[in-house]
Amino acid sequence: MKVPLLDLRPPLEELRDEIVDAVTQVIDSTRYIMGPEIDGLEKEIAEYCGTEDAVGVSSGTDALLLSLMVLDVGPGDFVLTSNFSFFATAGVVARLNATPVFVEIDPETFNIDPEQLKMTLSEMDEENRNRAKAIIPVHLYGQCADMAEINKIAEQFDIPVIEDCAQAIGAECEVDGIKKRAGSLGDFGCFSFFPSKNLGGIGDGGIVTVNNSELAELLRLKRVHGGERKYYHRVIGGNFRLDPIQAAVIRIKLPYLNGWHRQRQENAKNYNRLFAEAGLAGKVQTPQVRHPDTLQNPHIYNQYVIRTERRDELQSFLSAREIASEIYYPLPFHLQECFLHLGGKKGDFLVSETAAKEVLALPIYPGMTIEMQETVVEQIAEFHLS
Ligand SMILES: *Cc1c(COP(=O)(O)O)cnc(C)c1O
C-alpha cells in the first residue's frame with residue numbers, strides 16, 4: 001500500500017466549492033491588494049489565538065523577519081533561538097546582519113531548553129547581553145515550548161519574545177493555570193500558511209499576532225515600506241503584504257481547523273497504540289507530550305516524529321515499500337555551512353546533533369486511513385524485528 005507523507009486532497013474535496021467561490025469573489029472584486037479579506041482574516045485569527053490583534057503578511061518567514069524589524073534588530077545585535085528548527089527561524093536573524101545565538105534543545109520535546117537559555121544569557125558579558133534583542137522559541141512539530149519558563153527568563157533579562165508558531169497554530173499550553181494558545185504567549189506570534197501547515201493556503205502566506213496596539217501599528221507600517229502616507233517614508237519597511245486570495249481561502253478553512261487537529265490527534269493515538277502493540281519499545285520512541293491532556297490541543301501534530309535507531313536505513317527501507325517519511329531536520333543550525341563562521345563544531349550541541357540523526361516524521365495527515373497507519377507500523381516492525 002502506497003502511503004504519501006501528505007495528501008492535500010481530502011480537505012480540498014470537502015471544501016472545494018466554498019474555496020472556488022471565495023477565490024472567484026476576490027477575482028471579481030478587482031480588489032487585489034489588502035481589502036476586506038485581509039481585515040476579516042486578521043480579526044478571526046486574533047480571536048482564534050486569543051490575542052488583541054493580528055497582521056497578515058506574505059509568509060511565515062516574513063512574519064519572523066518583520067517582527068525582528070519592528071524590534072529594530074540589526075548589525076551587532078544578538079537573537080537567541082533554538083538550535084533545531086526550520087532554516088527560516090535563524091535565517092531571518094542573519095538577513096538583518098544580526099547574529100543568531102543557538103540554544104540547545106530538550107531531548108524529549110525537541111524544543112528550546114529553558115535551562116540552557118538561561119545559562120547562555122548568564123554567560124554573556126553585560127555588553128553582549130544588552131545587545132540581545134529577542135528570543136525566538138519554536139513550537140516544533142506542533143507542541144508549545146515551555147513558555148512559562150521562557151517568559152520568566154525573558155522578563156528577568158528584559159528581552160522580547162517572538163514565538164515561531166509556524167507549526168503550531170491552535171496548540172495550547174497552561175501558564176499560571178490559564179489555558180493559552182500559541183501566539184498569545186510572547187510579544188509576537190509568527191504563523192505560516194504554507195500548504196503543509198495545519199492551516200495552509202493555496203500558496204504562501206503568514207500572519208503575526210500581537211497583544212499590543214503599538215506593535216500592531218509598527219507591523220502594519222513596516223508591512224508597506226514604512227509609509228503612513230503614500231510616498232512619504234518614516235522608517236524602512238518592505239512589501240510584506242498577504243495576498244487576499246490566500247486570506248479568502250484561509251477564512252474558508254479556519255472553522256474546520258479544530259476538526260483537522262482532532263483527526264491528527266486520533267492518528268497520533270493510533271500510532272502510539274500500534275507501536276506499543278508491535279513491541280517496538282527501545283527501538284522506536286513515540287512523541288513525548290509535555291502538556292497535560294486536559295487541554296484540548298496539547299499537541300496539534302503538524303508532524304508525528306519518532307526517534308529511531310538506524311534511522312537512515314529505516315527511511316530507505318520504507319521508501320522502497322512506497323511509504324514516505326521525512327527528516328525534520330538533518331542538520332542543526334550550528335553545523336550549517338552558512339553559520340560555520342560563528343564557530344560551531346561537532347560535539348557542541350550533542351542533544352540536537354543526536355536528534356538530527358534519529359528523528360523521522362511519519363505521515364499523519366487528516367484523511368489517512370487506519371489501514372495506512374497499520375501498514376506503516378508493520379513495515380517499521382518488520383525492519384526492526386526481523
Ligand atoms: C514553515 C516554517 C517557517 C516558515 O514559514 P514559510 O511560510 O514557509 O515562510 C518558519 N519556521 C518554522 C518552524 C516552520 O516550520
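Glu 163 sits in strand β5, which spans residues 162-164. Strands here are DSSP runs of E with at least two residues, helices are runs of H or I with at least four residues, and both are numbered from the N terminus. This is a predicted model, where local features need pLDDT of at least 70, side-chain atom pairs count only at pLDDT 80 or more, and totals for chains, interfaces and linings use all residues. Residues are numbered from 1 along each chain as its sequence is written, and side-chain values use heavy atoms, with hydrogens and water left out.

Is Glu 163 buried or exposed? Glu 163 is buried, yet it has no salt bridge. Buried means under 20% relative accessible area, exposed means over 50%, and partly exposed lies in between (1.4 Å probe, protein chains only). A salt bridge needs a side-chain nitrogen of Lys or Arg within 4 Å of a carboxyl oxygen of Asp or Glu. The nearest side chain of opposite charge is Lys 180, 8.4 Å away. For charge, Lys and Arg count as positive and Asp and Glu as negative; His and the chain ends are not counted.

Glu 163 does have a polar contact: its side chain and that of His 139 are joined at 2.7 Å. A polar contact is a pair of N or O atoms within 3.5 Å; within protein, one must be able to donate a hydrogen and the other to accept it, and residues adjacent in sequence count only if both atoms are side-chain atoms. Leaving out residues up to four places away in sequence, Glu 163 touches several others, including Pro 137, Met 147, Leu 185 and Phe 188. Contact means heavy atoms within 4.5 Å.

## The four-stranded sheet

Strand β5 belongs to an open sheet of four strands, in the order β1-β9-β8-β5, with mixed pairing. β1 and β5 stand at the edges with a single partner strand each, so one side of each has no neighbour in the sheet. Neighbouring strands are turned by 20° against each other on average, direction ignored. Two strands pair if DSSP finds at least two bridges between them. In general, strands of a sheet pair through backbone hydrogen bonds, either parallel or antiparallel.

Now look at β9. β9 pairs with β1 (residues 53-57) in the antiparallel sense over five bridges. Across that pairing, Val 55 stands opposite Val 208, and Val 57 stands opposite Gly 206. β9 also pairs with β8 (residues 188-192), again antiparallel and over five bridges. There, Phe 191 has Ile 207 as its bridge partner.

## Helix α3 across the sheet

Helix α3 lies across β1, β5, β8 and β9, and runs at about 160° to β8. Such angles run from 0 to 180 degrees between N-to-C directions, with axes as lines fitted to C-alpha atoms, for helices over the stretch in contact.

How many of the eleven residues of α3 are buried? Ten are, so the helix (residues 60-70) is largely enclosed by the rest of the structure. Among the buried residues are Asp 62, Leu 65, Ser 67 and Met 69. Ser 59 caps the N-terminal end of α3, with a side-chain oxygen 3.3 Å from the backbone nitrogen of Thr 61.

Asp 72 follows α3, in the loop between α3 and β2 (78-82). Its phi is near 60°, a positive value in a residue other than glycine. Asp 72 counts as exposed, at 56% relative accessibility.

Asn 97 lies in the loop between α4 (88-95) and β3 (99-103). Its phi is also positive, about 60°, although Asn 97 is not a glycine. Asn 97 counts as exposed too, at 55% relative accessibility. Elsewhere, the peptide bond from Tyr 328 to Tyr 329 is cis, with omega near 10°. Tyr 329 is in the loop between α11 (311-320) and α12 (350-358).

## A buried histidine in a loop

His 299 lies in the loop between β10 (284-285) and β11 (304-308). His 299 is buried, with a relative accessible area of 4%. Its side chain reaches the backbone nitrogen of Tyr 301 at 2.9 Å. Not counting residues up to four places away in sequence, His 299 touches Tyr 141, Gly 142, Gln 143, Gln 265 and Val 289.
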